[in-house]
Amino acid sequence: MARAIRPDTITTSRLVLEPLALHHAPQVTRFCRLWEVARYTANIPHPYPAGCAEAFAKDAASKRESGGGWVYAVTVADGGEMIGVIDITLCDKDRSGELGYAFAPWSWGNGYASEAARALIEFAFRVLRLDKIEAYVMVENEASERLLARIGMRRVGERMMPAPARERDVLCGIFQVFWSQVRR
Ligand SMILES: CC(C)(COP(=O)(O)OP(=O)(O)OC[C@H]1O[C@@H](n2cnc3c(N)ncnc32)[C@H](O)[C@@H]1OP(=O)(O)O)[C@@H](O)C(=O)NCCC(=O)NCCS
């Protein structure tokens with residue numbers, strides 16, 4: 001079952017996804033400290049405290065060890081820089097997972113986030129054998145909504161969720177895709 005699997009690297013035509021580790025922390029800090037990255041996320045505080053990226057990397061390693069989640073550093077292939085983080089957190093109740101991501105602004109608009117998200121969803125369905133992937137997107141986050149539509153996720157509703165960088169709850173669209181919808 002999914003919880004016994006320890007997959008390492010996932011590759012796409014332009015990207016390498018590898019388990020997030022402590023050595024990625026300086027680059028994570030470089031983009032997560034920016035308001036334009038933090039403002040739409042459910043887990044990046046603003047201002048970004050010292051040690052936050054290191055704590056995030058340690059937590060990622062424990063989640064991975066317990067099988068509770070898979071957090072990847074996204075790097076441009078052939079020695080390029082790390083440009084983002086992407087993760088799937090498993091839900092305890094059913095065979096579903098929640099997708100999350102944040103990319104460095106200087107990498108936006110090149111299709112990198114869509115490419116990484118497609119690969120991670122494929123991994124979640126085929127390797128982790130999940131039945132459903134969900135994502136929550138703040139309603140003003142046009143780029144993220146377009147990304148999810150582009151990779152085949154459908155908006156099924158909305159709910160209020162915490163936005164730590166704004167220190168309040170905000171309205172989020174709920175997006176879903178089922179394995180039965182994309183299986184070939
Ligand atoms: C959302 C995010 C990951 C998109 O990254 P990206 O690498 O630019 O995404 P892609 O290049 O794959 O583009 C995905 C879609 O967003 C669109 N897009 C990119 N930047 C945009 C912008 N500033 N405004 C509106 N749409 C935008 C692209 O045109 C594309 O849509 P299309 O297929 O209809 O053309 C990135 O903006 C980000 O990290 N934002 C901050 C963190 C965040 O919002 N995380 C998501 C929380 S749910």
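Predicted model: local features only at pLDDT ≥ 70, side-chain atom pairs only at ≥ 80, totals over all residues.

Me: In what order do the helices and strands of the protein run from the N terminus on?
Reply: The protein has six helices and eight strands. From the N terminus on, the order of these elements is β-β-α-α-α-β-β-β-α-β-α-β-β-α.

Me: What is the radius of gyration of the protein, and what does the globule rule give for 184 residues?
Reply: The C-alpha atoms fill a box of roughly 40 × 35 × 30 Å along the principal axes. For 184 residues the globule rule gives 16 Å, and the protein is close to that value, so it is as compact as a globular protein of that length. The radius of gyration itself is 15 Å.

Me: What share of the contacts with a separation of 6 or more links residues 24 or more positions apart?
Reply: As background, buried residues make up 33% of the 184 residues in the protein. Among the contacts with a separation of 6 or more, the share from residues 24 or more positions apart is 58%.

Me: In what order do the strands lie in the sheet, and which are the edge strands?
Reply: Eight strands form an open sheet with mixed pairing, in the order β1-β2-β3-β4-β5-β6-β8-β7. Two of these strands pair on one side only, and they are the edge strands β1 (10–11) and β7 (154–163).

Me: In which sense do β5 and β6 pair, parallel or antiparallel?
Reply: Strands of a sheet pair through backbone hydrogen bonds, either parallel or antiparallel. Gly-97 has Ile-133 in β6 as its bridge partner. Over three bridges, β5 and β6 (residues 132–138) pair in the sense called parallel.

Me: Which helix packs on β6 and β8, and what angle does its direction make with that of β6?
Reply: The helix that touches β6 and β8 (168–178) as it packs on the sheet is α5. The direction of α5 makes with that of β6 an angle of about 160°.

Me: How many residues lie between β1 and β2 in their hairpin?
Reply: β1 and β2 pair in the antiparallel sense over two bridges. Within this pair, Thr-11 stands opposite Val-16 in β2. The number of residues between the two strands of the hairpin is three.

Me: Is Val-137 buried or exposed?
Reply: Val-137 belongs to strand β6. Apart from residues up to four places away in sequence, Val-137 touches Ser-144, Glu-145, Leu-148, Cys-172, Gly-173 and Phe-175. A residue is buried if 20 or more other C-beta atoms lie within 10 Å of its own. Val-137 has 23 such neighbours inside 10 Å, so it counts as buried.

Me: What distance separates the C-alpha atoms of Val-137 and Arg-159?
Reply: Val-137 and Arg-159 are 22 residues apart along the chain. The separation of their C-alpha atoms is 9.7 Å.

Me: Which element gives the largest share of the shell around the ligand?
Reply: Of the 22 residues around the ligand, those that come nearest are Trp-108, Ala-113, Ser-114, Ala-143 and Arg-146. The elements that give two or more residues to this shell are β5 (96–103), α4 (112–126) and α5 (142–150). The largest share, six residues, comes from α5.

Me: How many residues of the shell around the ligand are nonpolar, polar and charged?
Reply: The shell divides by residue class into three groups.

Me: Which peptide bond is cis?
Reply: Pro-47 lies in the loop between α2 (35–38) and α3. The peptide bond that ends at Pro-47 has omega near 0° and is cis; it is the bond from His-46 to Pro-47.

Me: Is Asp-78 buried or exposed?
Reply: Asp-78 lies in the loop between β3 and β4 (82–90). Its phi is near 60°, a positive value in a residue other than glycine. Asp-78 has 7, so it is exposed.

Me: What is the phi of Glu-167?
Reply: Glu-167 is found in the loop between β7 and β8. With 9 other C-beta atoms within 10 Å, Glu-167 is exposed. Its phi is positive although the residue is other than glycine, with a value near 55°.

Conventions
Residues numbered from 1 in each chain as written. Helix = DSSP H or I, 4+ residues; strand = E, 2+ residues; numbered from the N terminus. Rg over C-alpha atoms; globule rule 2.2 N^0.38 Å. Buried ≥ 20, exposed ≤ 12 C-beta atoms within 10 Å, placed from the backbone. Contact = placed C-beta atoms within 7 Å. Near = placed C-beta within 6 Å. Nonpolar A, V, L, I, M, F, W, Y, C, P; charged D, E, K, R; others polar. Pairing = 2+ DSSP bridges. Axes fitted to C-alpha atoms, helices over the stretch in contact; angles between N-to-C directions.
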